[in-house]
Amino acid sequence: MLNRRSGRLFLALALLLVPVAVTTAPTAAATSRGTTEVVSLGADGADSAGSALSPALSADGSQVAFASRAALDPVVRGGTDAPYNVYVRDRRAPGRTVLISRALQATYIVARGSSAPLRATATPEEGGNRDSLHPTVSATGRYVAFESIADNLRDNFGRAERRVVVCDRDPDGDGVFDELRPDGIMDFGYLYLGSDPADPQVTTGSEPSLSADGTVIAWREMLPGATTARVAVTRLVQDPQGRPLPPDPDGFRYPEVDGNHGPPQLSANGHEAVFAVGGCPALLACAEPIGSIQAYDIAADLSTRVDVTPDGSFSGVAAWPAVSGSGRLIAYEHSLQPGGPRVTVVVDRDPAGIGRLGPGADAPVSATVASRDTTDRPAEGTAPALSADGRYLAFQSSADGMHPDAQGTGRTAVVVRDLVLDARREKAGAPRLPGELGSPSGQLCGPQVCPAAGPSESPRLSANGSVLVFTSAGDDLVSPPCCVGAAVARTFQPQVTASTTVFDGVPVGRSATKTAVVRHEGFGPLTIGRLSVTGSADFVTGMAENCVGATLHADETCSVTVEFTPTSVGTKEAALRVELRNGAVTDLPLRGSSTALPTVPPPTQPTPGPTTAPTPTGGLVINPDPVDFTGSLPALVPIGVRSVQVRNGATTPIELSAVEVLSGPRFTPGDFTVVSTTCSGRRLDPGDICSVEVRATPQSPGRRTGVLSIATKDPAYTRLIALSSQAVAPVLVVNPAVVRTNRVTTVAGRDFPPGRAVTVVVTTPGTRLRTTAVAGSTGEFSAALLVFPQTSTGTWPVEAVVDGTTIRARSTVLVVPGSFQPPDFTSRR
């Protein structure tokens, strides 16, 4: 079986060489900004038309693995009758394709005791002589595992039996992939998983799945003579250079679940292997699969059924599972009624976010049909894939109403949904938004974009959902048309936007502060790397902001304080420059007008007649701003409460809404909390004052920062206030610091959180010395630590950790050999 979904092969009638094509969706389309590129390209950057199967990609989407019959490497013989080989495309500039399923040519012979070839051809390597399929990639792209029946690969298996092969693209561990050795051979490391090739009854292995770090692998295994397959899991121990070592087959683990096991999907953290169990009775053809979805907890050696449906029952007709990086979310195919369309169901195994995966008596789960159209009706959605962060879901569908682009085409397209946005809108009672068309044609069909002309299938997402890969029989995904049957990558390119931040009538030499709200526009995640101001030097960014380092998704915003201090009269213009981590830069407009300092006019008599309302000026006046909690207390100890006064300094009433401490990647929940406020939901007339009481409780040692937001119904008046505090670092002392084996030393700490349990550990080769204590009311503790007789001598690290936190202190202890007491003999004269 070449393709787990349908076995479709995309075969070209001729080989066409075309330049690399990258297309941006037409601007008239509802499809969000993004680029589409062919990734099943040759090493020279040209495309060889032919089939591509089973794409997989690294965490950042830069490395894409796939299987193809095309000759995409000079050492490979291509053609419609050629075997499938596994390749990796490095999408980073300038782009490179490398053959993974490599073999040594038979004429490449090395003499015994010599590194020089006795006879060598111009290309000492070649591709596999039989099919290699179903690649899986580690997070960095260093490790690629695949199945193969080739008998000439460099894994030294030497038999045409199906097995799992692991390729290491960086055996010397220097961080550089795909290096050539001096003899011209690619410096790759290989090992196979399974039974000894000398064994006449070889166990076959197929369809592997790797953890993010490449240290855990799961695959489908079939015993000789068996009619059903089982899932196997093992840990890949690595040497200091990161090279995986051959695992002991006796250490393989097998989930104890009866039935035919489908291909496993391993969570990125390597903790959970998810797979379907069932099939058709007696291996006969059937209209509906009969099966369950199992989640195998590798550490606990325990399988749990997880094909829960929205009504709380089990599916019984489940197939094609996908799993998020933590194992919390599982997506699978399900039929709501016999003969009906297959839909995608997403199961949340920890809806309360307590860190315990269900289903179980104390761990309930929730389930929803995720493949719904814009009227909220379940619709076709098959072959689901999840991003590792669990936010994005991709699936294939030919149903109408799944995306905002051209409908009624009947074309199988890839659709991507933002699951967090879906849940947020459902909770708020807001209508469902259409999904994102992930396989748009590069050409308009009428006023809208059509899905690609041919079926697009086998979607996979990068870890954060920013890159989507799939295969497509369409030739219109890029321009000029090409590449039928190619593996394709689409990169979503959201951008930021904001309304112009305007300062009116600020006197020269005075300062005014406003909050610029930066909004996400488009589809997919974006991460803000840097903020700055260009243009007039009268504008600067303030300390209060939660944008830098923040990752925004659809409908999300961040905020930054902008200060305007005019140095001369007139209109000033500048831009808030937002630089994204992907290199994109957007300038958001700033504009200010300044006036001369007002003079006090002589008193005059009021002139009768009509008057006009004054133009609103000013805004909220905050005191203090910023708010600094001074003190030198241990972490987790409240420093105190500060009162923040909010006064309406404008000439018009201001409606306040929410008062909150903002979240962000640089902030820790609990560092600052709003104790009470008289501001939320209040109308402040000019001159009115309200207050906010804020408490600081540093969650870790060192400087802590936060942002207090005073939001208003008119965003022009919203204010951000920078918060800061400091907690002292704990100290650990070992006395004596030099101790003999079989003796006791004392560990003492100060500036630890009072009343909290502390665990002290000394790590030595082969042993871990451990003791516990509780910090007193002054943050001090003292505990005895016994150094065992068998403890290795040397200088070893000592670490004290506050239980349940990341608060720790470190020291060292020198262990020396103990003294030996000679026997006490008594002599007799």
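Cys679 is buried, its relative accessible area being 0%. The model in which this residue is described is a predicted one. The partner of Cys679 is Cys690, to which a disulfide joins it with an S to S distance of 2.0 Å. Cys690 has a relative accessible area of 2% and is therefore buried, the cut-off being under 20%. The torsion about the S-S bond of Cys679 and Cys690 is about 105°, which means that this disulfide is right-handed. The pair links distant parts of the chain, 11 residues apart: Cys679 belongs to the loop between strand E48 (672-677) and strand E49 (683-684), whereas Cys690 belongs to strand E50 (residues 689-696).

**Disulfides**

In total, the structure holds 3 disulfides. The table lists them with their sulfur distances and S-S torsions.

| Pair | S to S distance | Torsion about S-S | Hand |
|---|---|---|---|
| Cys482 and Cys483 | 2.1 Å | -70° | left-handed |
| Cys547 and Cys558 | 2.1 Å | about 105° | right-handed |
| Cys679 and Cys690 | 2.0 Å | about 105° | right-handed |

Cys547 and Cys558 form a disulfide with sulfur atoms 2.1 Å apart. Cys547 and Cys558 are both buried.

The link of Cys482 and Cys483 is left-handed, with -70° about the S-S bond. Both of these cysteines, Cys482 and Cys483, are buried. A further cysteine, Cys167, counts as buried at 0% relative accessibility.

**The sheet E3-E4-E5-E6**

An open sheet is formed by 4 strands, arranged in the order E3-E4-E5-E6 with antiparallel pairing. Strand E3 (52-57) and strand E6 (96-99) each have a single partner strand and stand at the edges, so one side of each lacks a neighbour in the sheet. On average, and with direction ignored, neighbouring strands of this sheet are turned by 25° against each other. Strand E5 (residues 85-90) is joined to E6 by 4 bridges, and these two strands run antiparallel. Opposite Val88 stands Val98 in E6.

**The largest nonpolar core**

The largest nonpolar core has 25 residues, of which Val747, Phe752, Phe781 and Val798 touch the most other members. Two or more residues of this core come from each of strand E53 (731-735), strand E56 (757-764), strand E57 (767-774), strand E58 (781-787), strand E59 (794-802) and strand E60 (808-816).

Val798 may be considered in more detail. Apart from neighbours within four places in sequence, Val798 is in contact with Leu732, Val734, Val747, Val760, Val761 and Val762, and also with Ala809, Arg810, Ser811, Thr812 and Val813.

**A buried threonine**

Thr36 is located in strand E2 (residues 34-38). Thr36 counts as buried, because its relative accessibility is 2% and the cut-off is under 20%. The side chain of Thr36 is joined to that of Arg490 by a polar contact of 2.7 Å.

Definitions and conventions
Residues numbered from 1 in each chain as written. Predicted model: local features only at pLDDT ≥ 70, side-chain atom pairs only at ≥ 80, totals over all residues. Heavy atoms only, no water. Pairing = 2+ DSSP bridges. Axes fitted to C-alpha atoms, helices over the stretch in contact; angles between N-to-C directions. Core = buried A, V, L, I, M, F, W, Y, C linked by side-chain atoms within 4.5 Å. Buried < 20%, exposed > 50% of the residue type's maximum accessible area, 1.4 Å probe, protein only. Contact = heavy atoms within 4.5 Å. Disulfide = S-S within 2.5 Å. Polar contact = N/O pair within 3.5 Å; in protein donor to acceptor, adjacent residues only side chain to side chain.
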